[in-house]
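Subject: Structure handover

Hello,

Here is the structure I promised you. Please open it and keep it beside this email as you read.

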Amino acid sequence: MSPATRPAPPAPPPEPPSATVPTAAAPAGTDGEALKVVTARHPWRLVSAVAVLVLLAMAASALITNPAWEWPVVGEYLFAPSILRAVAFTLQLTALGIVLGFVIGTVVALMRLSRNPLLSSVAWGYTWLFRSVPLILQLLFWYNLALLYKQISFGVPFGPSFFSIGTMDLIGPVTAAAIGLALHQGAYAAEIVRAGFLSVDPGQLEAAAALGIPRTRQTFRIVLPQAMRAIVPTAGNEIIGLVKGTSVVYIMALPELFYQAQVIYNRSGRVIALLLVAAIWYLILTTVLSIGQYYLERHYAKGASRRLPDTPLARLRRILAARAASGTPGIGGTR
C-alpha cells in the first residue's frame, strides 16, 4: 500500500471528566470558626418570676409593717408555758391517734384482704362507718358514752359478769379523745395499708412460695419493704392532717394548742396575735413531720428506679456545689 493511501491513525479518546466533587462554599462570615450556640430564651418565665417576687414582697411588707399583727405580743406568747404544754398535749394526742390508728388499720386491712367473707365484710363495714361519720360526732359520742351505758361490765359474753366499772371512771375526756381519733384514723389507715399491699406484684409472692420461703418471712422481707413505698407518702399526709385535726377536741375542753390559744385571747383580747401563735406552732410541727417523711421515703426508695424530687434546700446545695465545681461565684461564694 502506497503512503498516499495509508489511513490516518485513530484519534485519541476524549479524556473523562474530572471526578472531583466541588466543595460547598462555607457560610459567609464564619471564617472556619465554630458556630455560636444560642440558648433558647423564655421571657415569660422571667415575667412570671418577677410577678411572684413582687407578690411575695407585698405580702412580707403587709406582715411586717401592719401593726395589727402585733408581733411583739406573738413573741411574748410563742414560748409561754401554757402554750408549750398545749403543744406537748397536741403531740401526745397525735401519737396516740397515729399509733393506735395504724395498728387498727393494719388489722382491718389484713381482714379486708382475707378470703374469709365474714372477715372481709366486717372490715368493709368498719371502714364504711368510720369514714362516713364526721370526727367531731365520733368524739362527742365517746365523750357522752355514759349517757348510754352507766357501767361497763367484764365477763363471759352473754353470761355472768365478773366485775363492773363506771363509764365515767373508765372513759375520761382524754381517753374518749384518744379512742375517737384512733378509730377514725384506723378507717383511713386500713385503706392506706391495703393499697400498699396491693401495689406489690403478686408474682413475687408466687416466686417466694415456689422457693419455699415461709409466709411470715415473705410478708416482712418481700411484701412490706415494697409496700412501704406506697404507704409512707399517704401515711405522712394523714399524720400531718391529724396534727391539725386534733384541734377538733376543743369541744371537749381539752387543753390542746387551739383551745389554749382561745382561752388566752378570750382573756386578753389579743385575737390575731394568739391565732398567729397557734399557726406558727402548727407550721413548725408539720414542717418537722414533712422532713421526717422525706427521709423515710428516701430510705424505702432504695433499689427502686424512681428518684425523689429534691427539696428546696437540697436543690440550693446542688446549685452551689455545681457553681463551686465550675469556678463560677455563687451566692456568697468566691471564684
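In α3 (81–113), residues S82, I83, A86, V87 and T90 meet L257, Q260 and I264 of α10. Contact here means heavy atoms within 4.5 Å. This contact divides into 5 nonpolar, 3 polar and no charged residues. The classes work like this: Ala, Val, Leu, Ile, Met, Phe, Trp, Tyr, Cys and Pro count as nonpolar, Asp, Glu, Lys and Arg as charged, and the others, Gly among them, as polar.

Before you go on, note that this is a predicted model: local features need pLDDT of at least 70, side-chain atom pairs count only at pLDDT 80 or more, and totals for chains, interfaces and linings use all residues. Residues are numbered from 1 along each chain as its sequence is written, and side-chain values use heavy atoms, with hydrogens and water left out.

Helix packing

Helix names follow DSSP runs (H or I, at least four residues; strands are E, at least two), numbered from the N terminus. Two packed helices are described by the angle between their axes and the distance between the axes. The axes are lines fitted to C-alpha atoms, for helices over the stretch in contact, and angles run from 0 to 180 degrees between N-to-C directions.

Take α3 and α10 (residues 257–268) again. They pack at about 155 degrees, with axes 8 Å apart. α3 and α10 are therefore roughly antiparallel. The cut-offs are under 35 degrees for roughly parallel, over 145 for roughly antiparallel, 65 to 115 for roughly perpendicular, and oblique for the rest.

α3 also packs against α4 (residues 117–132), at about 135 degrees with axes 7 Å apart. That makes α3 oblique to α4. The crossing is left-handed: the near helix is turned anticlockwise from the far one by less than a right angle, while clockwise would be right-handed. Here I104, V108, M111 and R112 of α3 meet residues of α4 including L119, W124 and Y126.

Next come α5 (residues 135–143) and α7. Their axes come within 8 Å and cross at roughly 140 degrees. That makes α5 oblique to α7. This crossing is right-handed. L135, Q138, L139, W142 and Y143 of α5 meet α7 residues, among them P173, G180 and H184. By class, the contact has 10 nonpolar, 3 polar and no charged residues.

Pockets

Rolling a probe the size of a water molecule over the atoms shows where empty space is left. A pocket is an open set of points on a 1 Å grid over the protein atoms alone, where a 1.4 Å probe fits, with protein on both sides within 12 Å along at least five of seven lines; lining residues have an atom within 4 Å of a point. Points are joined across faces, edges and corners, and a volume is the space filled by probe spheres set on them.

The largest pocket holds about 560 Å³. It has 17 lining residues, and L110, L113, F197, L205 and R215 lie nearest its centre. α9 gives the most to this lining, with 6 residues. The lining splits into 10 nonpolar, 4 polar and 3 charged.

The second largest pocket holds about 400 Å³. Its lining has 21 residues, with F102, M228, I231, V232 and A235 nearest the centre. Which helix gives the most to the lining of the second largest pocket? α9 does, with 10 residues. This lining has 16 nonpolar, 5 polar and no charged residues.

Best wishes
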